[in-house]
Amino acid sequence: ETTLYRIVQEALTNVRKYADASFVTIIVERRRDEVLAIIEDDGCGFDLESVQRASGAWRNLGLRGMAERATLCNGRLDIETALGTGTTIYVHIPLPME
């Protein structure tokens, strides 16, 4: 719960600081085997490959930390973005087997 909260918090901080977005949507859905969080904005987007290559930018945007938090829970973070199209972040956190 805390990990998911912190990832969403960082994503919203990025929207506020960088996206120039009018709207942001957050969906959190419990599925049978995972929790899925989707954070989507209508902002300016960015070139993901360029940001990933520029290690300082990757760190400064908190994207690396978000991905590492998800990985620590055996989850993953997926990012869909492009310049001018907004950004969508998918956070998949597996639920423990009952």
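**Overview**

The protein contains four helices and four strands. The model is a predicted one. Read from the N terminus, the elements follow the order α-β-β-α-α-α-β-β. The four strands form an open sheet in the order E1-E2-E4-E3, with antiparallel pairing. Strands E1 (24-30) and E3 (76-81) are at the edges and have a single partner strand each, so one side of each is left without a neighbour in the sheet. On average, and with direction ignored, neighbouring strands of this sheet are turned by 10° against each other.

**Overall dimensions and surface**

- The radius of gyration of the protein is 13 Å, which agrees with the value near 13 Å for a compact globule of 98 residues.
- The C-alpha trace spans about 40 × 30 × 20 Å along the principal axes of the protein.
- Of the 98 residues, 37% count as buried.
- The protein has an accessible surface of about 6,400 Å², and carbon and sulfur atoms account for 49% of that surface.
- When contacts between residues at least 6 apart in sequence are considered, 54% of them join residues at least 24 apart.

**Strands E1 and E2**

- E1 and E2 form a hairpin, and three residues lie between the two strands.
- These two strands run antiparallel and are joined by seven bridges.
- One of the paired positions is Val 28, whose bridge partner in E2 is Ala 37.
- Strand E2 is mostly covered, since seven of its eight residues are buried.

**Strands E2 and E4**

- E2 and E4 run antiparallel, with eight bridges joining them.
- Among the facing positions, Ile 38 stands opposite Tyr 90 in E4.
- Asp 41 likewise has a residue of E4 opposite to it, namely Thr 87.
- Six of the eight residues of E4 are buried, so this strand is largely enclosed by the rest of the structure.

**Strands E3 and E4**

- The pairing of E3 with E4 (residues 87-94) is antiparallel and comprises six bridges.
- Ile 79 faces Ile 89 in E4.
- Glu 80 stands opposite Thr 88, also in E4.
- The two strands form a hairpin with five residues between them. In the turn, Gly 84 has a positive phi of about 85°.

**Helices on the sheet**

- Helix H1 (residues 2-19) lies across E1, E2 (34-41), E3 and E4. Its direction is at about 10° to that of E2.
- Helix H4 (residues 63-72) also packs on the sheet, where it touches E3 and E4. The direction of H4 makes about 145° with that of E3.

**His 92, a buried residue of E4**

- His 92 is located in strand E4.
- The relative accessible area of His 92 is 11%, which lies under the 20% limit, so this residue is buried.
- The side chains of His 92 and Glu 34 are joined by a polar contact of 3.2 Å.
- Apart from neighbours within four places in sequence, His 92 is in contact with Glu 34, Val 35, Leu 36, Gly 75, Arg 76 and Asp 78.

**Asp 20, an exposed loop residue**

- Asp 20 is situated in the loop between H1 and E1.
- With a relative accessibility of 71%, which is over the 50% limit, Asp 20 counts as exposed.
- Asp 20 and Gly 43 are 23 residues apart along the chain, and their C-alpha atoms are separated by 5.1 Å.
- If neighbours within four places in sequence are set aside, the contacts of Asp 20 are with Val 15 and Gly 43.

How values were computed:
Residues are numbered from 1 along each chain as its sequence is written. This is a predicted model: local features need pLDDT of at least 70, side-chain atom pairs count only at pLDDT 80 or more; totals for chains, interfaces and linings use all residues. Side-chain values use heavy atoms; hydrogens and water are left out. Two strands pair if DSSP finds at least two bridges between them. Axes are lines fitted to C-alpha atoms, for helices over the stretch in contact, and angles run from 0 to 180 degrees between N-to-C directions. Contact means heavy atoms within 4.5 Å. The radius of gyration is taken over C-alpha atoms; the globule rule is 2.2 Å times the number of residues to the power 0.38. Buried means under 20% relative accessible area, exposed over 50%, partly exposed in between (1.4 Å probe, protein chains only). Accessible areas come from the Shrake-Rupley method with a 1.4 Å probe; for residues, only the protein chains shown count as cover. A polar contact is a pair of N or O atoms within 3.5 Å; within protein, one must be able to donate a hydrogen and the other to accept it, and residues adjacent in sequence count only if both atoms are side-chain atoms.
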